[in-house]
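The points after it are grouped by topic.

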Amino acid sequence: MAKKTKQIAIYGKGGIGKSTTTSNISAALVEAGYKVMQFGCDPKADSTNTLRGGEYIPSVLELLHADSRVDAHDAIFEGFGGVYCVEAGGPQPGVGCAGRGIISAVQLLKQQDIFEELDLDFVIFDVLGDVVCGGFAVPIREGIAEHVFTISSSDFMAIYAANNLFRGIQTYSKKGGALLGGVIANSINADYQREIIDDFVDRTATQVIEYVPRSVTVTQSELSGRTTIEAAPHSEQAKLYRRLAARIANHTQSKTPTPLDQYQLRAWSAAWADRLIAAEQRREHEAKVA
Amino acid sequence: MAINLKSPAVATREQRLGTLIGWDGELSSLAQADARGCSSGCGGGQKLCEISGPFSQSSGCAEQTVQYEATQVRGAVLISHSPIGCSAGMASQNASYRYCQIKRGQQVEDVVALSTNLGERDMVYGGVEPLRAAIRLAAERHKPRVIFISTACSTGIIGDDVDSVARETQEEVGVPVVPVHCEGFRSKHWSTGFDAIQHAVLRHIVRKPTRRQADLINIFVLSGPDVYSPLLEQIGLRANLVLNGCEVENIEQLSEAAASTSFCYSLSSYLGAALEQEYGVIDLKSPPPYGFAGADIWLRDIGKVTGREAAVETLIEREHARVRPRIAELKAKLQGLRVFLGMGEGFAHGLIAVLGELGVNVVGALNFHHDIIYDGVDKQDITIAHLLKHYGDVKPFSVANGQPHRFAALLHQVKPDLVIVRHGVLNALSSRLGIPTMPLEGDSTLPFGYQGMINIGEELLSQLSQRRFHKSLAAHVRLPYRKEWLASQTQGEPLLERVA
């Protein structure tokens with residue numbers, strides 16, 4: 001009897017550092033001896049690039065486009081430390097249906113029982129942006145991921161995307177879908193950024209799993225086509241990613257969040273704006289007095 | 001590939017069986033190609049070069065097949081979770097259902113089918129609420145034994161979570177609510193619909209076996225009378241006919257039977273293989289029960305797994321003695337008749353055997369699709385090799401998904417005395433070409449077993465007596481095919497482009 005594979009989905013607004021963080025988590029987990037698959041659910045098909053030296057791999061949908069009969073093994077490529085890399089792929093911008101693409105790609109791997117066959121410890125779905133349609137909700141529906149983490153900075157738009165995801169989770173939570181593990185707070189360098197995220201997680205009944213500061217090491221590693229774990233294994237940032245990976249590996253209890261509705265969200269962000277402006281004015285005033 | 005019942009949606013035939021809908025050659029060369037790959041070097045291994053044409057699909061889809069099968073279960077309600085147009089075929093589903101019930105002596109009822117009638121708004125906001133309402137309405141109004149939900153292209157694209165709604169409402173309505181994933185765009189051939197509904201009943205209705213019923217044989221059927229029980233009762237066995245015209249109980253007990261078999265592997269190789277894999281119900285690996293050779297082996301295999309070898313031999317002897325005199329008379333009248341077949345693959349294989357026994361020459365066949373392999377059983381062994389061994393080659397043997405222009409070209413090339421067609425469209429064309437045409441519609445059991453040879457022989461004689469009808473028709477219609485085009489087809493030019 002194969003062990004139970006822990007399936008995790010990581011969502012977040014585009015450009016927030018989702019693939020960077022996910023790839024570092026995957027790299028840290030394989031380094032710790034786990035068998036891991038990273039499944040990129042983004043039409044750009046670049047989730048796993050830094051696990052493969054900056055190289056693109058053919059996506060499941062590209063293979064399905066070329067031949068209706070696809071052996072799922074042909075879509076799986078080994079990356080850093082033996083991590084299995086898969087990209088769902090999808091249509092070029094402006095055409096087709098990227099959501100259906102995710103459904104088709106996930107179905108193909110499930111039908112061929114790949115997760116069990118590879119005896120995986122972790123499958124990590126790296127999913128694009130908001131939950132905009134049924135297709136992007138596939139990883140949080142029953143039978144796919146059990147735990148969802150969202151990556152967010154303290155920017156209002158990133159929090160808006162996280163809140164949207166919480167609404168998706170709430171919808172499916174009554175139907176045996178995935179629950180929320182917490183927020184990975186990214187690009188957190190200032191105290192007020194931390195306060196914003198803390199306040200948001202309080203109001204939505206969830207938690208911050210890790211605060212990840214913006215770091216030049218990450219950028220340097222990315223530019224060399226590698227994860228920080230691979231390129232700068234002894235850096236502070238790598239240690240932080242390892243701690244994050246360990247927290248995710250040990251995480252067992254996920255919960256249903258209490259997302260804000262759109263009016264609450266607007267009022268909340270307006271209140272924060274007032275607070276930040278007031279703080280700024282106070283600082284200017286103190287500078288003048290001094 | 002092993003059958004995976006954990007996934008809500010069945011893997012398509014293209015994925016599992018290498019199914020294609022365009023190929024030209026002979027039965028013998030198809031057998032070679034299946035085993036080793038075709039001459040253009042595609043290498044076999046369940047891959048074959050497919051002829052690609054401008055009309056890659058000219059018939060139904062998997063959703064239609066599922067709607068057909070789901071409505072034929074007694075006490076079932078089907079909810080088509082789709083725009084209303086997807087339910088356009090309901091009248092013919094009803095005709096088939098009523099015919100089947102009359103032939104089996106059942107109380108005749110109409111199919112009960114609802115549609116969520118999705119519109120623009122539902123495509124934008126999701127269609128699960130109309131679905132939930134339809135399930136409740138179906139339960140309240142019709143008191144069904146089971147509710148099937150067929151999905152559609154539209155609901156597949158917007159990603160409606162049909163499984164969750166089914167699970168939630170099942171508790172509420174107290175009968176199985178069975179989602180069947182059959183988006184037409186997933187597969188180019190409708191037969192994926194057979195697999196989709198079999199996959200769904202395996203996941204949601206077939207029970208974990210509570211006992212083994214050693215005298216029960218699962219037989220996977222389509223519409224038509226129960227010709228199986230009278231035969232099996234003679235050797236002390238019961239036939240569990242599934243899905244057409246069956247009760248929910250018949251589906252539930254599939255896991256408890258001694259063995260499974262069918263008259264058509266195109267229909268049922270998935271269900272047979274899955275029951276063997278999941279519950280150890282032996283999936284009989286016999287040729288389909290057509291002609292003396294097929295029927296004899298089929299019965300002997302049933303005898304072998306149920307310990308009734310001697311009884312089967314007596315039955316075979318009795319049946320041979322009963323039908324041989326009449327078959328000899330029919331053979332005398334039909335010997336040398338040149339017949340062309342246009343039908344699904346399973347039926348074509350069956351008819352080649354039946355006609356072979358009647359001394360009729362099968363001078364060509366057009367199949368609606370071709371599965372390179374089957375789930376579970378060895379296709380080469382039990383169908384094509386069996387036919388080649390007993391009845392010789394068939395040439396031309398073409399795979400074309402009901403394409404009228406290819407059918408016309410083949411008939412022009414072969415010039416048969418008579419055409420047998422199963423499933424509309426094509427029979428109208430051959431009739432208009434002035435060729436006597438025998439539609440094999442409605443009753444799927446007509447060619448089955450020993451009696452099947454007599455049935456087909458007599459039907460042929462009846463059709464041949466109406467030659468003039470077809471001649472008159474041909475004299476009064478014009479077809480769109482130019483003489484030069486038809487002439488070019490006889491010179492062996494490829495009909496369409498061949499692609500790897």
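In this predicted model, the crossing of α5(A) and α6(A) is right-handed, a crossing being right-handed if the near helix is turned clockwise from the far one by less than a right angle, and left-handed if anticlockwise. Residues are numbered from 1 along each chain as its sequence is written, while chains are lettered from A and ligands numbered from 1 in the order in which they are written. Because the model is predicted, local features need pLDDT of at least 70 and side-chain atom pairs count only at pLDDT 80 or more, whereas totals for chains, interfaces and linings use all residues, and side-chain values use heavy atoms, with hydrogens and water left out.

**Helix packing in chain A**

- Helix α5 of chain A covers residues 156-173 and helix α6 of chain A covers residues 191-203, where helices (H or I, at least four residues) and strands (E, at least two) are DSSP runs numbered from the N terminus.
- These two helices, α5(A) and α6(A), pack at an angle of about 20 degrees with their axes 12 Å apart; axes are lines fitted to C-alpha atoms, for helices over the stretch in contact, and angles run from 0 to 180 degrees between N-to-C directions.
- The helices α5(A) and α6(A) are therefore roughly parallel to each other, since angles under 35 degrees count as roughly parallel, over 145 as roughly antiparallel, 65 to 115 as roughly perpendicular and the rest as oblique.
- On the α5(A) side the contact (heavy atoms within 4.5 Å) is made by A:Ile159, A:Ala162, A:Asn163 and A:Phe166, and on the α6(A) side by A:Ile196, A:Ile197 and A:Phe200.
- Sorted by type, the residues of this contact of α5(A) with α6(A) are six nonpolar, one polar and no charged, where Ala, Val, Leu, Ile, Met, Phe, Trp, Tyr, Cys and Pro count as nonpolar, Asp, Glu, Lys and Arg as charged, and the others, Gly among them, as polar.
- Helix α5(A) also meets helix α10 (residues 262-289) of chain A, their axes coming within 12 Å and crossing at roughly 155 degrees, and the two are therefore roughly antiparallel to each other.
- The crossing of α5(A) and α10(A) is right-handed, and the contact is made by A:Phe156, A:Ile159, A:Tyr160 and A:Asn163 of α5(A) together with A:Leu265, A:Trp268 and A:Ser269 of α10(A).

**Helix packing in chain B**

- Helix α15 (residues 345-357) and helix α19 (residues 449-464) of chain B have axes that come within 9 Å and cross at roughly 80 degrees, and they are therefore roughly perpendicular to each other.
- Their contact is made by B:Leu351, B:Val354, B:Leu355 and B:Glu357 of α15(B) and by B:Gly452, B:Met453, B:Ile456 and B:Leu460 of α19(B), a group of six nonpolar, one polar and one charged.

**Where the chains meet**

- In the interface, 28 residues of chain B are in contact with 21 residues of chain A.
- Chain B and chain A bury about 1,900 Å² between them, 40% of it on carbon and sulfur atoms; buried area is the accessible area (1.4 Å probe) that two parts lose on being put together, summed over both.

**Salt bridges**

- Two salt bridges are counted between chain B and chain A, each being a side-chain nitrogen of Lys or Arg within 4 Å of a carboxyl oxygen of Asp or Glu.
- A:Asp113 forms a salt bridge with B:Lys6, with the closest N and O atoms 3.4 Å apart.
- B:Asp195 forms a salt bridge with B:Arg13, with the closest N and O atoms 2.8 Å apart.

**Backbone features**

- The peptide bond from B:Lys395 to B:Pro396 is cis, with omega near 0 degrees.
- A:Ala205 has a positive phi of about 55 degrees although it is not a glycine.
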